[in-house]
Amino acid sequence: RYIQVREKEKLSHNRQIAELEMKALRAQMNPHFIFNCLNSINNFILHDENRQASKYLTKFSKLIRQILDNTDTPLAPVERIVTFMNLYVELEQMRFGNNRFDFEVIIAPDIDPHETVFPTMMIQPHVENAIWHGLMHRQERGKITMAFSRENPHFVSCRVEDNGVGRVKSRALSHTLSPSRKSKGTQNVLESIETFNRQYNTEGAKIIIDDLYDDQGLACGTRVKIVLPDLAQMELRKR
């Protein structure tokens, strides 16, 4: 009984540490994201696009409100994440060009958008990468798909797929334009996955990244899939 009590205390202690680490990672993501948005507002002002700057600032303020709400909330239902991501993509479309890419959200029938939860700010960095590393170098109209589905009875996933130039060409172009730049958002997400596994005492959370190719073997995009245990079911099983 003594050993069981000690193990329970140790597990509780580790979970508290993991929760603090997760909160710190979310706090790191927010300034990175806000910095990019403020740069966009500055560009609108510099190019004397005051109407666009005002419209962007209005949407940005709504997004900031959601970010502040998410900071102290480790998890959010799918419907709330979709609302956040739609607003974020609208901002990116404004600075990237409204006719440059489309954004589609798919929620599988077996996903309850009110009950199924995901870690806040874990998906946004991958959509950002799809836009600025995948579609930015594409001449034709691009597309990003964000899809929520169930992997099996106990796991859910979010897939972010784009039809951009692919990671190999993107890295080459990014290195040419900015040799010292690193993807801080993506690194934070990878660390968040490790922390998530410790926090919920699981090894099931993971990120799978696939390079997509057409019939001729040419790169035609990237697919990122975040797989997590269904936390709502985990809580029910504990009861």
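**Fold, core and selected contacts of a predicted model**

Of the 239 residues of the protein, 41% count as buried, a class that means under 20% relative accessible area, with exposed meaning over 50% and partly exposed lying in between (1.4 Å probe, protein chains only). The structure is a predicted model, in which local features need pLDDT of at least 70 and side-chain atom pairs count only at pLDDT 80 or more, while totals for chains, interfaces and linings use all residues. Residues are numbered from 1 along each chain as its sequence is written, and side-chain values use heavy atoms, with hydrogens and water left out.

The secondary structure comprises seven helices and seven strands, where helices (H or I, at least four residues) and strands (E, at least two) are DSSP runs numbered from the N terminus. Along the sequence these elements follow the pattern α-α-β-α-β-β-α-β-β-α-α-β-β-α. Among contacts (heavy atoms within 4.5 Å) between residues at least 6 apart in sequence, 72% join residues at least 24 apart. The protein exposes about 13,600 Å², of which carbon and sulfur atoms supply 52%; accessible areas come from the Shrake-Rupley method with a 1.4 Å probe, and for residues only the protein chains shown count as cover.

The largest nonpolar core has 49 residues. Such a core is a set of buried Ala, Val, Leu, Ile, Met, Phe, Trp, Tyr and Cys residues joined through side-chain atoms within 4.5 Å. Helix H3 (residues 78-96) contributes the largest share of this core, eleven residues. The residues with the most contacts inside the core are Phe118, Ile123, Val127, Ile144, Met146 and Phe148. When residues up to four places away in sequence are not counted, Met146 touches Val82, Met85, Phe103, Glu104, Val105, Ile106, Ile123, Cys158, Arg159 and Val160.

Two aromatic pairs are present in the structure. In one of them, Phe118 and Phe148 are arranged edge-to-face, at 5.5 Å centre to centre and with 75° between the planes. By the criterion applied, rings of Phe, Tyr and Trp (its six-membered ring) pair if their centres lie within 6.5 Å, and planes under 30 degrees apart count as stacked, over 60 as edge-to-face and the rest as tilted. The pair links distant parts of the chain, with Phe118 in strand S3 (residues 117-119) and Phe148 in strand S4, 30 residues apart. Both Phe118 and Phe148 are buried.

Among the buried residues of H4 are Pro125, Val127, Ile131 and Leu135. Pro125 and Gln187 are 62 residues apart in sequence, yet their C-alpha atoms are 9.4 Å apart in space. Gln187 lies in helix H6 (residues 184-199) and is partly exposed, at 38% relative accessibility.

Thr145, in strand S4 (residues 142-152), is buried at 11% relative accessibility. With residues up to four places away in sequence not counted, Thr145 touches Glu104, Ile106, Arg159, Val160 and Glu161. Arg159 belongs to strand S5 (residues 155-162) and is partly exposed, with a relative accessible area of 24%. Under the sequence exclusion of up to four places, the residues touched by Arg159 are Thr145, Met146, Ala147, Arg223, Val224 and Lys225. The C-alpha atoms of Arg159 and Val227 are separated by 8.7 Å, although these residues are 68 apart along the chain. Val227 is placed in strand S7 (residues 219-229) and is buried at 5% relative accessibility. The contacts of Val227, not counting residues up to four places away in sequence, include Glu151, Phe155, Val156, Ser157 and Gly204. Between the C-alpha atoms of Val227 and Gly204, 23 residues apart along the chain, the separation is 7.5 Å.

Asp48 lies in the loop between helix H1 (2-46) and helix H2 (50-71). Although Asp48 is not a glycine, it has a positive phi of about 60°. Asp48 is exposed, with a relative accessible area of 59%.

The structure holds zero disulfides, a disulfide being a pair of cysteine sulfur atoms within 2.5 Å. Cys37 is buried with a relative accessible area of 2%, and Cys158 is buried with a value of 0%.
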